[in-house]
Amino acid sequence: DQPGLAVEALIALAAGAVFDAWSSHGRDGLAPFVDTWSRLDAWHGRQVELSDGGRVVARGQSLGIDADGALRVLGEAGERRMIAGDLSLRTAPEAL
């Protein structure tokens, strides 16, 4: 016997956490998760480019997501909310 959680107990804990989060999302939407997302968002504050089909559709500083799940990008023309089915997010070249 090894100390720690049994695999079955670990799976039960993970499944319970996923179920709780899914239930919360169903009741309250994304809003309760935005703060956690912001703390873990590796793109927050970085210069980014968003492209759709190889065409750059936004460029600027990533501001994270809002309660609707839109990616907020602060560019030269102000803040944009990006909602799309298929966007590619990349670190922007420093020269831009």
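How many bridges pair strand β1 with β5, and in which sense, parallel or antiparallel? Strand β1, residues 47–52, pairs with β5 over four bridges in the antiparallel sense. Keep in mind while browsing these close-ups that the model is predicted.

**View 1. Here β1 meets β5.** The pair to look for is Glu49 and Arg90: Glu49 stands opposite Arg90, which sits in β5. Four bridges hold this antiparallel pairing in the count. As a bit of background, strands of a sheet pair through backbone hydrogen bonds, and they can do so in parallel or antiparallel fashion.

View 2. Five strands make an open sheet in the order β4-β3-β2-β1-β5, with antiparallel pairing. The edges belong to β4 and β5 (88–91); each has a single partner strand, so one side of each is left without a neighbour in the sheet. On average, and ignoring direction, neighbouring strands here are turned by 45° against each other.

View 3. Strand β2 covers residues 55–65 and pairs with β3 in the antiparallel sense over three bridges.

View 4. The strands run antiparallel and are joined by five bridges. Look for Val73, which has Arg80 in β4 as its bridge partner. In the loop between β3 (71–75) and β4 (78–82) you'll find Ala77. Is Ala77 buried or exposed? Its relative accessibility is 86%, so Ala77 counts as exposed. Gly60 is 17 residues away from Ala77 along the chain, and their C-alpha atoms are separated by 9.6 Å.

View 5. From first C-alpha to last, the 22 residues of α1 reach 31 Å, close to the 32 Å expected at 1.5 Å a residue. How many of its 22 residues are buried? The count is one, and α1 is hardly covered. Just after the helix comes Gly29, with a positive phi of about 75°.

**View 6. Last stop, a nonpolar patch on the surface.** Three leucines make up this patch: Leu5, Leu10 and Leu13. Together they have about 320 Å² of accessible area.

Methods:
Residues numbered from 1 in each chain as written. Predicted model: local features only at pLDDT ≥ 70, side-chain atom pairs only at ≥ 80, totals over all residues. Heavy atoms only, no water. Patch = residues over 30% accessible without salt bridge, like charges linked within 9 Å, V, L, I, M, F, W, Y side chains within 5 Å. Areas by Shrake-Rupley, 256 points an atom, 1.4 Å probe, with all protein chains shown as cover. Salt bridge = Lys/Arg side-chain N within 4 Å of Asp/Glu carboxyl O. Helix = DSSP H or I, 4+ residues; strand = E, 2+ residues; numbered from the N terminus. Expected span 1.5 Å × (residues − 1). Buried < 20%, exposed > 50% of the residue type's maximum accessible area, 1.4 Å probe, protein only. Pairing = 2+ DSSP bridges. Axes fitted to C-alpha atoms, helices over the stretch in contact; angles between N-to-C directions.
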